[in-house]
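Here is a friendly briefing to read alongside the model. Have the viewer open as you go through the points.

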Amino acid sequence: MRKNIPGRRALLLKAAAAAAAAHWPVTPALAADAWPERSITYIVPFTPGGATDILGRLYSQALAQSLKVPVVVENIGGTGGSLGSAKAARAKPDGYTLVGGTISSHAINVSIYPSVGYDPVKSFEPVILSGTLPNVMLVRADGPFKTLDDVIAAGKKPGSRISYGSAGVGSSQHLTGSLFALETGTELLHVPYKGSGPALQALMSGEIDLLFDNITPGIPFVNAGRLRALGVTSLQESRSLPGVKPLAQQGLAGFEVLSWQAVFAPAGTPAPIIDKLHRHMAATLKQPEVQEKLAALGLDVSGAGPQALRALQRREVAKWAEVARRAQVKLD
C-alpha cells in the first residue's frame, strides 16, 4: 500500500490546475500583453502604387520596427476594394490581420454592389483615420469651360450630354459627379475608367468633357497648363492647389466630398490590441518624413482614433447610400 498519499494528491491537484489553466479564457488585456508574437498581415485592397498602398507600406515598415515582428503587405485588388476587405472581414480577430480602408471600400460600395461580402461597419473594428483629401473638378485648359458656371449652364441645356470621367464605378470620383448633378440639376454622362491615369488621358485627349478626380494625380497637369482646376470638393482651399476655390464657395453651399484613408481590423479584435495599434500608427503619422510623403499625396493627415473614425464612417455610409439612391447608381 502507498503511504505517500499527500504527495500523490498534490501532484493530482497540480495536474488539474494546469488542465484548467489551459482551457481558461485569456482576457483581452492578457492577449494584448502577449501580442504580437508573430507576423502581421496588412491587406491593401487595391493594386500597388496608389495612396492606400503607399500608406500600407509606410505603416508596415514602421510597425515592424516598433513591434519587432514582420508586417507583410498583401495587395488584393478588385471591386473597388471590396475583395480584399471581405478577406479581412473573414480573418480571425486576433490582431494579426489589418486592412487599409477607404471611402469606397468602407462606405460607398455597400450601396453600389449587390453584395460585397461584409458590412462596412459591423464587420470591422476601426483603428485609425490616416487622413483625408478632396477631389477636384478638372477640364482641359483649351476647352470651352472656363468657370464652374460654364459647366452648370451647359449641363442644364436641353439634351445636354456633358461627359465626366472617374477612376471607376463606385469610386468617390464617380459619386462626386452624381452628387454634383443632383445638386446643380445638370445632366451628366458618367464614363468610368480603370484608374485615374486612363481617366486623365481621356480628358486631355478630348474623350470626355470633365473629370472629378482625387486632387493628387491632376496637380502636375494643372501646373503644366494642360488642365484647369475649376474647384475642389473640400470646404476650404487645399494647400495642394492654392487659389482654387472650393465648390462650396462658388454657389454650392455645403458641397463636400473628402476621400479618406483609414485602417481597420476584423470585428471582435480585442480593444487593448486596437488601442496599441492606434498608438503606434499615430506615432508613425507624426514622423516628419512620413508627413512629407503624405503631403506630396495631397493628404491632410489626421490620426483620429477608433471612436472618431467610427462616427465618420457611419455618416459616410448614410450619405452615400442616399446619393446612390437618388442618382439610381446600382450595379446588378
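**Strand pairing and a crossover**

Ser-166 has Pro-192 as its bridge partner in strand 6. This is a predicted model, where local features need pLDDT of at least 70, side-chain atom pairs count only at pLDDT 80 or more, and totals for chains, interfaces and linings use all residues. Residues are numbered from 1 along each chain as its sequence is written, and side-chain values use heavy atoms, with hydrogens and water left out.

- Five bridges join strand 5 (residues 162–166) to strand 6 (residues 188–192) in the parallel sense; DSSP must find at least two bridges for strands to pair.
- Strands (E, at least two residues) and helices (H or I, at least four) are DSSP runs, numbered from the N terminus.
- With helix 7 (residues 172–184), strands 5 and 6 form a right-handed β-α-β unit; right-handed means that the path from the first strand over the helix to the second runs clockwise, with the strands pointing away from the viewer.

**Around Val-139**

- Val-139 lies in strand 4 (residues 124–140).
- Val-139 counts as buried because its relative accessibility is 2% (buried is under 20%, exposed over 50%, partly exposed in between, with a 1.4 Å probe and protein chains only).
- Beyond neighbours within four places in sequence, the contacts of Val-139 (heavy atoms within 4.5 Å) include Phe-145, Leu-203 and Asp-209.
- Ala-229 is 90 residues from Val-139 in sequence, yet their C-alpha atoms are 6.6 Å apart.
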